[in-house]
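Subject: Structure handover

Hello,

Here is the structure you asked to take over. My notes on what was found in it follow below.

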Amino acid sequence: RITYPLLAAVYLAPLGEVTSLDFSLFVAGPTGSQKTEMTAIAQAHYGAEFNGGNLPGNWSSTANTLEKQAFLAKDALFTVDDFAPTGTISDVQRLHRDADRLLRGQGNRAGRGRMRPDGTLRPTYFPRGIIVSSGEDIPRGQSLRSRNFILEVSKGDVDLGRLTKLQNDAAEGRLAQAMAAYIGWLAPQIASLKARMPERHSELRAKAREQRVFHDRTPDIVANLAAGWEMFLEFALQAGAITDVERNSLRDEGWQVLLGARQASIKGPGH
(Lines give C-alpha, C1' and ligand atoms only; values in the text may rest on other atoms or scores of the structure.)
Protein backbone atom coordinates (compact mmCIF):
# COMPACT_ATOMS: atom_id res chain seq x y z
CA ARG A 1 0.00 0.00 0.00
CA ILE A 2 3.03 2.29 0.30
CA THR A 3 5.44 0.95 -2.31
CA TYR A 4 3.04 0.34 -5.19
CA PRO A 5 1.65 3.90 -5.33
CA LEU A 6 5.15 5.41 -4.97
CA LEU A 7 6.63 3.21 -7.70
CA ALA A 8 3.64 3.80 -9.96
CA ALA A 9 4.12 7.57 -9.58
CA VAL A 10 7.86 7.27 -10.31
CA TYR A 11 7.18 5.68 -13.68
CA LEU A 12 4.06 7.71 -14.45
CA ALA A 13 5.87 11.07 -14.15
CA PRO A 14 7.71 10.84 -17.53
CA LEU A 15 4.33 10.40 -19.26
CA GLY A 16 3.23 14.01 -18.75
CA GLU A 17 3.06 14.50 -22.52
CA VAL A 18 0.45 11.76 -22.92
CA THR A 19 -1.66 11.94 -19.74
CA SER A 20 -2.70 14.54 -17.17
CA LEU A 21 -0.59 14.51 -13.99
CA ASP A 22 -3.19 16.30 -11.88
CA PHE A 23 -2.63 14.90 -8.40
CA SER A 24 0.08 14.61 -5.73
CA LEU A 25 1.23 11.89 -3.35
CA PHE A 26 1.52 12.70 0.34
CA VAL A 27 3.37 10.34 2.69
CA ALA A 28 2.29 11.03 6.27
CA GLY A 29 3.70 9.56 9.46
CA PRO A 30 5.45 10.26 12.75
CA THR A 31 9.16 10.82 13.22
CA GLY A 32 11.01 7.55 12.80
CA SER A 33 8.52 5.98 10.39
CA GLN A 34 11.02 6.29 7.48
CA LYS A 35 8.63 8.42 5.40
CA THR A 36 11.42 10.71 4.18
CA GLU A 37 13.64 7.76 3.28
CA MET A 38 10.82 6.16 1.30
CA THR A 39 10.24 9.32 -0.72
CA ALA A 40 14.01 9.62 -1.20
CA ILE A 41 14.11 6.15 -2.78
CA ALA A 42 11.45 7.29 -5.23
CA GLN A 43 13.33 10.55 -5.97
CA ALA A 44 16.62 8.68 -6.49
CA HIS A 45 15.21 7.29 -9.73
CA TYR A 46 15.89 10.81 -11.04
CA GLY A 47 19.46 11.14 -9.73
CA ALA A 48 21.86 9.10 -7.60
CA GLU A 49 22.69 12.17 -5.50
CA PHE A 50 19.20 12.28 -3.98
CA ASN A 51 18.80 10.80 -0.50
CA GLY A 52 17.02 11.52 2.77
CA GLY A 53 19.38 14.39 3.51
CA ASN A 54 19.32 15.84 0.00
CA LEU A 55 15.90 16.23 -1.59
CA PRO A 56 14.98 18.88 -4.17
CA GLY A 57 12.23 20.61 -2.18
CA ASN A 58 11.43 21.45 1.43
CA TRP A 59 8.38 23.10 2.95
CA SER A 60 10.65 25.65 4.66
CA SER A 61 11.24 27.22 1.23
CA THR A 62 9.10 30.12 0.06
CA ALA A 63 5.93 29.45 -1.90
CA ASN A 64 7.42 31.15 -4.98
CA THR A 65 10.52 28.95 -4.82
CA LEU A 66 8.50 25.74 -4.62
CA GLU A 67 6.23 26.90 -7.43
CA LYS A 68 9.20 27.54 -9.74
CA GLN A 69 10.90 24.27 -8.80
CA ALA A 70 7.73 22.30 -9.54
CA PHE A 71 7.52 24.01 -12.91
CA LEU A 72 11.12 23.16 -13.79
CA ALA A 73 10.73 19.48 -12.80
CA LYS A 74 8.86 18.66 -16.01
CA ASP A 75 7.92 15.00 -16.51
CA ALA A 76 9.76 14.10 -13.31
CA LEU A 77 9.16 13.49 -9.63
CA PHE A 78 9.53 16.51 -7.35
CA THR A 79 9.79 15.71 -3.64
CA VAL A 80 8.90 18.37 -1.05
CA ASP A 81 9.94 17.17 2.39
CA ASP A 82 9.04 17.88 6.00
CA PHE A 83 5.52 19.31 6.21
CA ALA A 84 5.38 19.91 9.96
CA PRO A 85 3.41 23.06 10.91
CA THR A 86 4.90 24.51 14.11
CA GLY A 87 5.49 27.89 15.71
CA THR A 88 3.00 30.71 16.03
CA ILE A 89 -0.55 30.59 14.71
CA SER A 90 0.52 32.73 11.77
CA ASP A 91 3.44 30.35 11.01
CA VAL A 92 1.08 27.37 10.96
CA GLN A 93 -1.45 29.19 8.80
CA ARG A 94 1.27 30.28 6.36
CA LEU A 95 2.51 26.72 5.85
CA HIS A 96 -1.00 25.39 5.28
CA ARG A 97 -1.62 28.26 2.86
CA ASP A 98 1.61 27.48 0.96
CA ALA A 99 0.67 23.81 0.78
CA ASP A 100 -2.78 24.64 -0.51
CA ARG A 101 -1.29 26.88 -3.20
CA LEU A 102 1.27 24.33 -4.45
CA LEU A 103 -0.78 21.14 -4.20
CA ARG A 104 -3.93 22.75 -5.55
CA GLY A 105 -1.84 24.06 -8.45
CA GLN A 106 -0.78 20.45 -9.11
CA GLY A 107 -4.37 19.23 -8.95
CA ASN A 108 -5.65 21.99 -11.23
CA ARG A 109 -2.54 22.10 -13.46
CA ALA A 110 -2.60 25.86 -13.10
CA GLY A 111 -0.38 28.54 -11.62
CA ARG A 112 -1.07 31.83 -9.88
CA GLY A 113 -1.22 34.78 -12.26
CA ARG A 114 0.71 37.91 -11.19
CA MET A 115 1.45 41.35 -12.60
CA ARG A 116 4.53 43.53 -12.57
CA PRO A 117 4.27 47.07 -11.14
CA ASP A 118 3.85 48.40 -14.68
CA GLY A 119 0.78 46.21 -15.27
CA THR A 120 2.42 43.64 -17.56
CA LEU A 121 1.96 39.97 -16.74
CA ARG A 122 4.65 37.95 -15.02
CA PRO A 123 5.32 34.37 -16.20
CA THR A 124 2.90 31.86 -14.69
CA TYR A 125 4.46 28.73 -13.21
CA PHE A 126 2.58 25.51 -12.50
CA PRO A 127 3.69 21.96 -11.62
CA ARG A 128 4.60 19.94 -14.71
CA GLY A 129 5.60 16.65 -13.09
CA ILE A 130 4.30 14.84 -10.02
CA ILE A 131 4.77 16.24 -6.52
CA VAL A 132 5.53 13.78 -3.71
CA SER A 133 5.41 15.32 -0.27
CA SER A 134 5.99 13.99 3.23
CA GLY A 135 5.23 15.25 6.70
CA GLU A 136 3.96 14.57 10.18
CA ASP A 137 0.74 16.46 9.45
CA ILE A 138 -1.51 16.60 6.38
CA PRO A 139 -2.63 19.84 4.68
CA ARG A 140 -6.10 20.95 5.68
CA GLY A 141 -9.28 20.80 3.66
CA GLN A 142 -11.25 17.94 2.13
CA SER A 143 -11.09 19.53 -1.31
CA LEU A 144 -7.28 19.73 -1.16
CA ARG A 145 -6.95 16.22 0.23
CA SER A 146 -9.06 14.90 -2.63
CA ARG A 147 -6.26 16.08 -4.94
CA ASN A 148 -3.73 14.00 -2.99
CA PHE A 149 -3.11 10.28 -2.76
CA ILE A 150 -2.34 10.03 0.96
CA LEU A 151 -0.14 7.19 2.22
CA GLU A 152 -0.06 6.78 6.00
CA VAL A 153 3.14 5.23 7.35
CA SER A 154 3.58 4.02 10.92
CA LYS A 155 6.71 2.95 12.75
CA GLY A 156 7.49 -0.63 11.84
CA ASP A 157 5.76 -0.55 8.44
CA VAL A 158 9.03 -0.26 6.53
CA ASP A 159 11.37 -3.26 6.34
CA LEU A 160 14.70 -1.68 7.34
CA GLY A 161 16.79 -4.41 5.73
CA ARG A 162 15.13 -3.89 2.36
CA LEU A 163 15.30 -0.14 2.79
CA THR A 164 19.07 -0.29 3.39
CA LYS A 165 19.57 -2.39 0.25
CA LEU A 166 17.53 0.11 -1.79
CA GLN A 167 19.47 3.02 -0.33
CA ASN A 168 22.71 1.35 -1.47
CA ASP A 169 21.24 0.72 -4.93
CA ALA A 170 20.14 4.36 -5.10
CA ALA A 171 23.56 5.70 -4.08
CA GLU A 172 25.27 3.52 -6.68
CA GLY A 173 22.97 4.84 -9.39
CA ARG A 174 21.04 1.65 -10.12
CA LEU A 175 17.63 3.27 -9.74
CA ALA A 176 18.63 6.18 -11.97
CA GLN A 177 19.96 3.67 -14.52
CA ALA A 178 16.59 1.92 -14.51
CA MET A 179 14.83 5.23 -15.13
CA ALA A 180 17.26 6.13 -17.93
CA ALA A 181 16.56 2.77 -19.60
CA TYR A 182 12.83 3.28 -19.14
CA ILE A 183 12.91 6.74 -20.76
CA GLY A 184 14.95 5.34 -23.63
CA TRP A 185 12.34 2.62 -24.05
CA LEU A 186 9.49 5.15 -23.90
CA ALA A 187 10.89 7.70 -26.32
CA PRO A 188 10.12 5.88 -29.61
CA GLN A 189 6.58 5.18 -28.38
CA ILE A 190 5.49 8.70 -27.42
CA ALA A 191 3.53 9.35 -30.62
CA SER A 192 1.59 6.10 -30.34
CA LEU A 193 1.13 6.52 -26.58
CA LYS A 194 -0.62 9.85 -27.18
CA ALA A 195 -3.32 7.83 -28.93
CA ARG A 196 -3.29 4.75 -26.68
CA MET A 197 -2.93 6.18 -23.17
CA PRO A 198 -6.12 8.28 -23.08
CA GLU A 199 -8.13 5.24 -24.16
CA ARG A 200 -6.51 3.03 -21.53
CA HIS A 201 -7.02 5.72 -18.90
CA SER A 202 -10.73 5.86 -19.76
CA GLU A 203 -10.99 2.07 -19.40
CA LEU A 204 -9.27 2.10 -16.00
CA ARG A 205 -11.34 5.05 -14.80
CA ALA A 206 -14.57 3.28 -15.76
CA LYS A 207 -13.35 0.19 -13.90
CA ALA A 208 -12.57 2.26 -10.80
CA ARG A 209 -16.01 3.85 -10.91
CA GLU A 210 -17.56 0.41 -10.52
CA GLN A 211 -16.03 0.25 -7.03
CA ARG A 212 -17.15 2.08 -3.92
CA VAL A 213 -15.33 5.40 -3.98
CA PHE A 214 -15.42 8.50 -1.79
CA HIS A 215 -14.78 11.41 -4.13
CA ASP A 216 -15.27 12.24 -7.81
CA ARG A 217 -11.50 12.53 -8.30
CA THR A 218 -10.79 9.02 -7.03
CA PRO A 219 -11.34 7.10 -10.31
CA ASP A 220 -9.08 9.51 -12.22
CA ILE A 221 -6.22 9.25 -9.71
CA VAL A 222 -6.46 5.46 -9.46
CA ALA A 223 -6.58 5.18 -13.26
CA ASN A 224 -3.50 7.39 -13.67
CA LEU A 225 -1.42 5.46 -11.15
CA ALA A 226 -2.60 2.13 -12.55
CA ALA A 227 -1.55 3.26 -16.03
CA GLY A 228 1.90 4.17 -14.72
CA TRP A 229 2.16 0.81 -12.96
CA GLU A 230 1.17 -1.04 -16.13
CA MET A 231 3.72 0.88 -18.18
CA PHE A 232 6.48 0.02 -15.69
CA LEU A 233 5.51 -3.67 -15.78
CA GLU A 234 5.53 -3.70 -19.58
CA PHE A 235 9.02 -2.19 -19.51
CA ALA A 236 10.17 -4.76 -16.94
CA LEU A 237 8.71 -7.57 -19.07
CA GLN A 238 10.45 -6.44 -22.25
CA ALA A 239 13.70 -5.92 -20.33
CA GLY A 240 13.53 -9.55 -19.19
CA ALA A 241 13.21 -8.70 -15.48
CA ILE A 242 9.85 -10.46 -15.08
CA THR A 243 7.85 -13.12 -16.91
CA ASP A 244 4.47 -12.65 -18.55
CA VAL A 245 2.81 -14.55 -15.70
CA GLU A 246 4.53 -12.30 -13.13
CA ARG A 247 3.51 -9.20 -15.07
CA ASN A 248 -0.16 -10.21 -15.00
CA SER A 249 -0.05 -11.12 -11.31
CA LEU A 250 1.69 -7.87 -10.32
CA ARG A 251 -0.72 -5.83 -12.46
CA ASP A 252 -3.77 -7.35 -10.75
CA GLU A 253 -2.27 -7.06 -7.27
CA GLY A 254 -1.23 -3.46 -7.94
CA TRP A 255 -4.75 -2.56 -9.04
CA GLN A 256 -6.28 -3.88 -5.83
CA VAL A 257 -3.65 -2.14 -3.71
CA LEU A 258 -4.12 1.21 -5.47
CA LEU A 259 -7.88 1.08 -5.14
CA GLY A 260 -7.76 0.13 -1.46
CA ALA A 261 -5.07 2.67 -0.59
CA ARG A 262 -6.98 5.46 -2.33
CA GLN A 263 -10.18 4.69 -0.45
CA ALA A 264 -8.23 4.73 2.83
CA SER A 265 -6.62 8.07 1.91
CA ILE A 266 -10.02 9.69 1.29
CA LYS A 267 -11.34 8.44 4.63
CA GLY A 268 -8.29 9.93 6.30
CA PRO A 269 -5.56 8.71 8.64
CA GLY A 270 -6.63 6.42 11.46
CA HIS A 271 -9.56 4.82 9.62
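A residue counts as buried when its relative accessible area is under 20%, as exposed when that area is over 50%, and as partly exposed in between. Aspartate 157, with a relative accessible area of 36%, is therefore partly exposed. Please keep in mind throughout that this is a predicted model.

Salt bridges

Arginine 1 lies in the segment before α1 (3–12), while aspartate 157 is in the loop between β5 and α6 (160–171), so the pair ties together parts that are 156 residues apart in sequence.

The count of salt bridges comes to 16. Another of them joins arginine 94 and aspartate 98, whose side chains meet at 2.7 Å, N to O. These two residues are four apart in helix α4 (residues 89–108), so about one helical turn separates them. Arginine 94 is partly exposed, with a relative accessible area of 32%, whereas aspartate 98 is buried, at 12%.

Lysine 74 and aspartate 75 form a salt bridge as well, with their closest N and O atoms 2.9 Å apart. Lysine 74 has a relative accessible area of 33%, so this residue counts as partly exposed. There is also a network of salt bridges, which links Lys165, Asp169, Glu172 and Arg174.

Nonpolar cores

The largest nonpolar core has 56 residues, and the members that touch the most others are Leu6, Leu15, Leu25, Tyr182 and Leu225. Which helix gives the most to this core? Helix α9 (residues 218–238) does, with 12 residues.

For leucine 225, leaving aside residues up to four places away in sequence, the contacts are Pro5, Ala8, Ala9, Leu12, Phe23, Leu25, Phe149 and Leu258.

Helix packing

Two packed helices are described by the angle between their axes and the distance between the axes. For helix α7 (residues 174–186) and α9, the axes come within 11 Å and cross at roughly 95 degrees. Angles of 65 to 115 degrees count as roughly perpendicular, so α7 is roughly perpendicular to α9. On the α7 side, Ala178, Ala181, Tyr182, Trp185 and Leu186 make the contact; they meet Met231, Phe232, Glu234, Phe235 and Gln238 in α9.

Strands

Is strand β5 (residues 148–152) mostly covered or mostly exposed? Four of the five residues in β5 are buried, so the strand is mostly covered. Strand β1 (residues 24–28) pairs with β5 in the parallel sense, over five bridges. In this pairing, serine 24 stands opposite asparagine 148 of β5.

One more residue

Aspartate 244 is found in helix α10 (residues 244–267). With a relative accessibility of 39%, aspartate 244 counts as partly exposed. From isoleucine 190, aspartate 244 is 54 residues away in sequence and 23 Å away in space, taken C-alpha to C-alpha.

Regards

Conventions:
Residues are numbered from 1 along each chain as its sequence is written. This is a predicted model: local features need pLDDT of at least 70, side-chain atom pairs count only at pLDDT 80 or more; totals for chains, interfaces and linings use all residues. Side-chain values use heavy atoms; hydrogens and water are left out. A nonpolar core is a set of buried Ala, Val, Leu, Ile, Met, Phe, Trp, Tyr and Cys residues joined through side-chain atoms within 4.5 Å. Buried means under 20% relative accessible area, exposed over 50%, partly exposed in between (1.4 Å probe, protein chains only). Contact means heavy atoms within 4.5 Å. Two strands pair if DSSP finds at least two bridges between them. A salt bridge is a side-chain nitrogen of Lys or Arg within 4 Å of a carboxyl oxygen of Asp or Glu. Axes are lines fitted to C-alpha atoms, for helices over the stretch in contact, and angles run from 0 to 180 degrees between N-to-C directions. Angles under 35 degrees count as roughly parallel, over 145 as roughly antiparallel, 65 to 115 as roughly perpendicular and the rest as oblique.
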